[in-house]
Amino acid sequence: MRNKRFLLLILSALMIIGLNSCQLAVEDGSPEKGADRLIGFFVTREYLDLFDHDLFIKENIGEFVKDGEVALSESANYQGRLYASLAEDGETGKYVFEDLDGIAFYSPTYDMENFSHIDIVQGEEICDAKWNCGSETKLEATIYVVASEDSGSGSQSDGNRSVYYFNHVYQSADGSVYLTTGPGLSGNMTDGVAMSQWMEEKYTETVNGETTEYSVEVRINVEGKNAPKEIIIAQMDGENREISRQQFAPEAVPESLKLLPETEYLIVETRGTDSEGGIFANREIIRKDEPGFSTFYARDDGICAAKWVEILRP
């Protein structure tokens, strides 16, 4: 048992080194990644231990005792996978990781009878999402968390340190989607402070003698935001006069807002208390011809989630 615990300690160090590598170039014909492509991240607050420790020790104990180390390339063969299921959702369905708490942000391909369809699967915690799919696929988004002293009671943190694990999501040539354990990031998330996890993989594909290069880049930013305490929505006329004023608790902001006939624009004001106890007020001007706007509210788990408000014309 003592030897096994010692081996696990060494193995944990090896895994940390391997998981923090954020760029991988895959050579043409590689059996490991040639058919399986990175499509995004699945972010969790807990570390996902998918490594087969028992099998690793059983099959490598002789090499470890003889040489004192095991190559990282060999340890990678024991990393487990957690497969997504295809849930019913529209014509194509949706790949989801059932019974796993986390934040999805990935772009699987669904093969139809005569064409392929790429979709974006994203959790409600994902904000400011941008993506471009093709030979150079790029996905980027931000997760806002309640800043420092305002962190919710459900936050998984050390003091004011937020911890997130960015598990890698892949899709195989047969269409199946799975994730592997990814690296973690932690930090003191004061207002405006951000940390990012970035990963890129490159592939080549040869069809009828013609070689095409592909790249996939995924980035998720985690940024601190002071918790809103009150949302004020004012409707303004062409003379810059306030003709309507509504105040809401952040979680009670309605899903839609109907404009008055005289309304020319809106002023959306977010009020709250910063980490030093001071009062802050952020204002945003919304044109009447815009489809809607977003406000934020603090959840008990420490996430600052966005709420979309649709603008309805009179």
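1. A word on confidence before the details. This is a predicted model, and its pLDDT averages 81 over the protein, with 78% of the residues scoring at least 70.

2. Please keep an eye on two stretches.

3. Four strands form an open sheet in the order 19-18-21-22, and their pairing is antiparallel. Strand 19 (242-248) and strand 22 (279-287) each have a single partner strand, so these two stand at the edges with one side left without a neighbour in the sheet. From one strand to the next, the twist averages 20°.

4. Strand 21 (residues 265-273) runs antiparallel to strand 22, and nine bridges join the two. Gly 272, for example, has Phe 280 in strand 22 as its bridge partner.

5. Finally, the second largest pocket, which holds about 420 Å³ of space. Strand 2 (37-44), strand 7 (109-111), strand 8 (116-118) and strand 17 (210-225) are the elements that each give two or more residues to its lining. Of the 20 lining residues, Arg 37, Ile 39, Thr 109, Ile 118 and Gln 171 lie nearest the centre of the pocket. Sorted by class, the lining has ten polar, eight nonpolar and two charged residues.

Key. Residues are numbered from 1 along each chain as its sequence is written. This is a predicted model: local features need pLDDT of at least 70, side-chain atom pairs count only at pLDDT 80 or more; totals for chains, interfaces and linings use all residues. Side-chain values use heavy atoms; hydrogens and water are left out. On a 1 Å grid over the protein atoms alone, a cavity is a set of points where a 1.4 Å probe fits but cannot get out, and a pocket is an open set with protein on both sides within 12 Å along at least five of seven lines; lining residues have an atom within 4 Å of a point. Grid points are joined across faces, edges and corners, and a volume is the space filled by probe spheres set on the points. Ala, Val, Leu, Ile, Met, Phe, Trp, Tyr, Cys and Pro count as nonpolar, Asp, Glu, Lys and Arg as charged, and the others, Gly among them, as polar. pLDDT is the predictor's confidence in each residue, from 0 to 100. Two strands pair if DSSP finds at least two bridges between them. Axes are lines fitted to C-alpha atoms, for helices over the stretch in contact, and angles run from 0 to 180 degrees between N-to-C directions.
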